[in-house]
Amino acid sequence: PQTFTTCLSKSDYVPKTPKETDCTIKDVKTEGNTVTWTVVCKDASMKGRITYAGTTYDGTMETSMKQEGKDMTVKTTMKGKHLGPCTK
């Protein structure tokens, strides 16, 4: 498992990792408490889905990329909880 802290708000509710700095988030859709999105990077693309429940969330992300000329897919599960207000 990996652990990281990210700042989420009502206007920015898609979790990001530090590795996604050169990526673009597209197709963000909200239906009830569930958010779906696509991330497009130079060498990879990701589709994510997360459901918020009070102060926690559960989600999945599927990343597709080429490594050494071969297609590779990585499936990730996410769990999060509210730690407090965002700090900059």
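1. At 15% relative accessibility, Thr38 counts as buried. Buried means under 20% relative accessible area, exposed means over 50%, and partly exposed lies in between, with a 1.4 Å probe and protein chains only. Leaving aside residues up to four places away in sequence, Thr38 touches Thr24, Ile25, Lys26, Asp27, Met46 and Lys47, where a contact means heavy atoms within 4.5 Å.

2. A word on the basis of this note. The model is predicted, so to speak of local features requires pLDDT of at least 70, and side-chain atom pairs count only at pLDDT 80 or more, while totals for chains, interfaces and linings use all residues. Residues are numbered from 1 along each chain as its sequence is written, and side-chain values use heavy atoms, with hydrogens and water left out.

3. Now the overall picture. The chain has 0 helices and 5 strands, and from the N terminus on its elements run β-β-β-β-β. Of its 88 residues, 23% count as buried. Among contacts with a separation of 6 or more, 15% are between residues 24 or more positions apart. The chain exposes about 7100 Å², of which carbon and sulfur atoms supply 52%; the areas come from the Shrake-Rupley method with a 1.4 Å probe, and for residues only the protein chains shown count as cover.

4. Let us look at two of the pairings. E1 and E2 pair in the antiparallel sense over 6 bridges, and Glu31 has Thr34 in E2 as its bridge partner. The hairpin of these strands has 2 residues between them, and Gly32 takes a positive phi near 65° there. E3 and E4 also run antiparallel, joined by 10 bridges, and Met46 stands opposite Thr63 in E4.

5. Which residues make up the largest nonpolar core? This core has 11 residues: Val14, Val35, Trp37, Val39, Cys41, Met46, Ile50, Tyr52, Tyr57, Met61 and Met78. The elements that give two or more residues to it are E2, E3 and strand E4 (56-67). A nonpolar core is a set of buried Ala, Val, Leu, Ile, Met, Phe, Trp, Tyr and Cys residues joined through side-chain atoms within 4.5 Å.

6. Cys23 and Cys41 form it, with their sulfur atoms 1.9 Å apart. The torsion about their S-S bond is about 105°, so the disulfide is right-handed. Cys23 lies in the segment before strand E1 (24-31) and Cys41 in the loop between strand E2 (34-40) and strand E3 (44-53), so the pair ties together parts that are 18 residues apart in sequence. Cys41 counts as buried, at 16% relative accessibility.

7. Two backbone angles are worth checking by eye. Most residues other than glycine have a negative phi. Asp27 is not a glycine, yet has a positive phi of about 50°; Asp27 is found in strand E1 and is partly exposed, with a relative accessible area of 48%. Glu68, again not a glycine, has a positive phi of about 55°. Glu68 is found in the loop between E4 and E5 and counts as exposed, at 78% relative accessibility.

8. Finally, have a look at Thr60 in strand E4. Thr60 is partly exposed, with a relative accessible area of 43%. The C-alpha atoms of Thr60 and Met78 are separated by 5.8 Å, with the two residues 18 apart along the chain. Not counting residues up to four places away in sequence, Thr60 touches Lys47, Gly48, Arg49, Thr76, Thr77 and Met78.

How values were computed
Helix = DSSP H or I, 4+ residues; strand = E, 2+ residues; numbered from the N terminus. Disulfide = S-S within 2.5 Å. Pairing = 2+ DSSP bridges.
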